Amino acid sequence: CAHQGDMQFFPGNTAEATRLAEQVAQATPDDKRSQINLAVSYLQTDQNDKAIEVFERLRAAGQLTEESEYRNLYALYLNGDNKEREAIAVINEGLQKNILKEDYRTMAALGQAHYFAEQIEPAIAAWRKAAPLAENGETYLNLARVLHQEGRTSEAQEAARQAIAKGLKSNTDAERIISGR
């Protein structure tokens, strides 16, 4: 096997690894590590619904204690169809428990989840926190676009100026918003 680093998860093929993880998890239902290994095995075999079930069982039992566990669960919801409200609930719970921090990744994901759930004000609030933490101006530009759509011209123009100042691949949209078009 050329991929020795994969050995811990793939003793044989992925289907066999998943079967093994299921057996271990069933035999040790109270062992968090075996449950997380099962969820990871489901993730690696694109069985996202099953991975969500495992993470949600752990969450219901109060056993999600790591930032990565919350990130995996909210990412699964964001990648699913119409699961934004679930993602919002997971992110907010992680923030309330101080397991997730108000960092760029978390706040950008929260803004995205609110936006696609058509909750515009909370999306704006989350992106206002995410944009200054971003490595470039793209989040400010998203914020400017949403503010512009909402008819909040002066706020949109300010966000567009901040987007340009922070750096964009293309200034075209930001300049259009600033010029009031």
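Where is Arg181 found? I find Arg181 in the segment after helix 10 (172–178). For the helix numbers I use DSSP runs counted from the N terminus (helices are H or I with at least four residues, strands are E with at least two).

**Ground rules.** I am working on a predicted model, where local features need pLDDT of at least 70 and side-chain atom pairs count only at pLDDT 80 or more, while totals for chains, interfaces and linings use all residues. Numbering runs from 1 along each chain as its sequence is written, and side-chain values use heavy atoms, with hydrogens and water left out.

**Arg181, continued.** I looked up the accessibility: Arg181 counts as exposed because its relative accessibility is 61%. My cut-offs are under 20% relative accessible area for buried, over 50% for exposed and partly exposed in between, with a 1.4 Å probe and protein chains only. Leaving out residues up to four places away in sequence, Arg181 touches His148 and Arg176. Contact here means heavy atoms within 4.5 Å. I also checked Arg181 against Ile124: they are 57 residues apart along the chain, and their C-alpha atoms are separated by 21 Å.

**Helix 7.** Which residues of helix 7 are buried? In helix 7 (residues 120–130) I list Ala123, Ile124, Ala126, Trp127 and Ala130. Looking down the axis of helix 7, I see these buried residues fall within an arc of 170 degrees, so they line one face of the helix. The arc is taken from the directions from the helix axis to the C-beta atoms. The buried residues of helix 7 pack against helix 6 (104–116) and helix 8 (138–149).

Ala130 has a relative accessible area of 0%, so I log it as buried. Not counting residues up to four places away in sequence, Ala130 touches Tyr104, Met107, Ala108 and Thr139.

**Helix 2 on helix 3.** How do helix 2 and helix 3 lie relative to each other? The axes of helix 2 (residues 32–44) and helix 3 come within 7 Å and cross at roughly 160 degrees. That makes helix 2 roughly antiparallel to helix 3. The angle scale calls under 35 degrees roughly parallel, over 145 roughly antiparallel, 65 to 115 roughly perpendicular and the rest oblique. Axes are lines fitted to C-alpha atoms, for helices over the stretch in contact, and angles run from 0 to 180 degrees between N-to-C directions. By class, I note nine nonpolar, two polar and three charged residues in the contact of helix 2 with helix 3. The classes put Ala, Val, Leu, Ile, Met, Phe, Trp, Tyr, Cys and Pro in nonpolar, Asp, Glu, Lys and Arg in charged, and the others, Gly among them, in polar.

Ser41 also lies in helix 2. With 8% relative accessibility, Ser41 counts as buried. Its contacts, leaving aside neighbours within four places in sequence, are Ala17, Thr18 and Ala21.

**Helix 3 on helix 4.** The axes of helix 3 (residues 48–60) and helix 4 (residues 67–79) come within 10 Å and cross at roughly 135 degrees. I therefore write helix 3 down as oblique to helix 4. On the helix 3 side I find Asn48, Ala51, Ile52, Phe55, Glu56 and Arg59, which meet Glu69, Asn72, Leu73, Leu76 and Tyr77 in helix 4. These contact residues divide into six nonpolar, two polar and three charged.

**Helix 4 on helix 6.** Here the axes come within 11 Å and cross at roughly 30 degrees. Helix 4 and helix 6 are therefore roughly parallel to each other. I see Arg71, Tyr74 and Leu78 of helix 4 in contact with Arg105, Thr106, Ala109, Gln112 and Ala113 of helix 6.

**Positive phi.** Most residues other than glycine have a negative phi. Asn98 has phi near 60 degrees and sits in the loop between helix 5 (84–96) and helix 6. Glu118 has phi near 60 degrees too, in the loop between helix 6 and helix 7. I mark Asn98 as exposed at 65% relative accessibility, and Glu118 as exposed with a relative accessible area of 71%.
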